[in-house]
Amino acid sequence: PERLSRVFKELDGRVKVAIAGTGIQNWGQQLTAQYSQLYATDLGADAVDLGLLNSMAAAFSSIMSAPLGWAAEKYTVRKVMLLGFALIALSAAISASAGTWLMLIPAFLIGARLVRIMPLTDIVFITATKPEHRATVMALSRVVWGILNIFAPMTAALVVAEFGGINARGIRPLYYVQLILTVFAFL
């Protein structure tokens with residue numbers, strides 16, 4: 001505990017901001033994670049459509065990995081992280097306003113799979129932390145994020161129940177919450 005406390009106090013401000021921002025964004029993402037398939041189904045998607053959405057998102061993410069890696073080296077990891085937060089916020093906004101499952105296609109394509117925030121956060125940790133503290137900082141970040149994520153499913157369930165149950169009307173508010181949290185993390 002003493003070592004952990006000392007390491008935390010000595011952390012570079014960029015690391016603290018990265019832990020907080022990634023934790024907030026990830027928590028918002030976890031709110032919608034268990035409901036995205038149900039949401040798409042209630043908006044008219046069938047099993048094949050869901051498979052298509054997920055396959056397209058995975059393919060697009062794979063195609064964009066190299067250009068995004070290049071961009072992180074050319075324009076800085078911070079800028080690519082901010083791009084990631086902006087795209088995740090845009091994805092949440094599209095999802096929140098979707099009237100049919102077809103409107104979810106761009107949301108799935110530009111969502112959290114496109115710019116993966118956690119690996120970028122790890123790069124921040126590596127570049128801004130002393131070598132002897134890197135593993136501790138990464139472990140600490142996972143503990144913080146894990147504790148936050150424990151509460152996401154229950155919070156999501158309460159929101160869905162409050163707004164109408166497991167249907168588009170009940171799930172839609174989760175995307176608004178995710179949008180707000182992601183914009184906050186971006187700022």
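Is Y75 buried, exposed or partly exposed? Y75 has a relative accessible area of 40% and is therefore partly exposed (buried is under 20%, exposed over 50%, partly exposed in between, with a 1.4 Å probe and protein chains only). This is a predicted model, in which local features need pLDDT of at least 70 and side-chain atom pairs count only at pLDDT 80 or more, while totals for chains, interfaces and linings use all residues. Residues are numbered from 1 along each chain as its sequence is written, and side-chain values use heavy atoms, without hydrogens and water.

**Helix α4**

- Helix α4 covers residues 47-75 (helices are DSSP runs of H or I, at least four residues, numbered from the N terminus).
- Its 29 residues should span 42 Å (1.5 Å times one less than the number of residues), which agrees with end C-alpha atoms 40 Å apart.
- A bend of about 40 degrees occurs at S65 (the angle between axes fitted to the seven residues ending there and the seven starting there), and P67 follows within four residues.
- Buried residues of α4 include L50, L53, A57 and L68.
- Just after α4, T76 has a positive phi of about 95 degrees.

**Aromatic pairs**

- The count is three aromatic pairs (ring centres of Phe, Tyr and Trp, the last by its six-membered ring, within 6.5 Å; planes under 30 degrees apart are stacked, over 60 edge-to-face, the rest tilted).
- W70 and Y75 are edge-to-face, because their centres lie 5.9 Å apart and their planes at 90 degrees.
- W70 counts as exposed at 51% relative accessibility.
- F125 and W145 are stacked, with centres 6.4 Å apart and planes at 25 degrees.
- Both F125 and W145 are buried.

Methods: Helix = DSSP H or I, 4+ residues; strand = E, 2+ residues; numbered from the N terminus.
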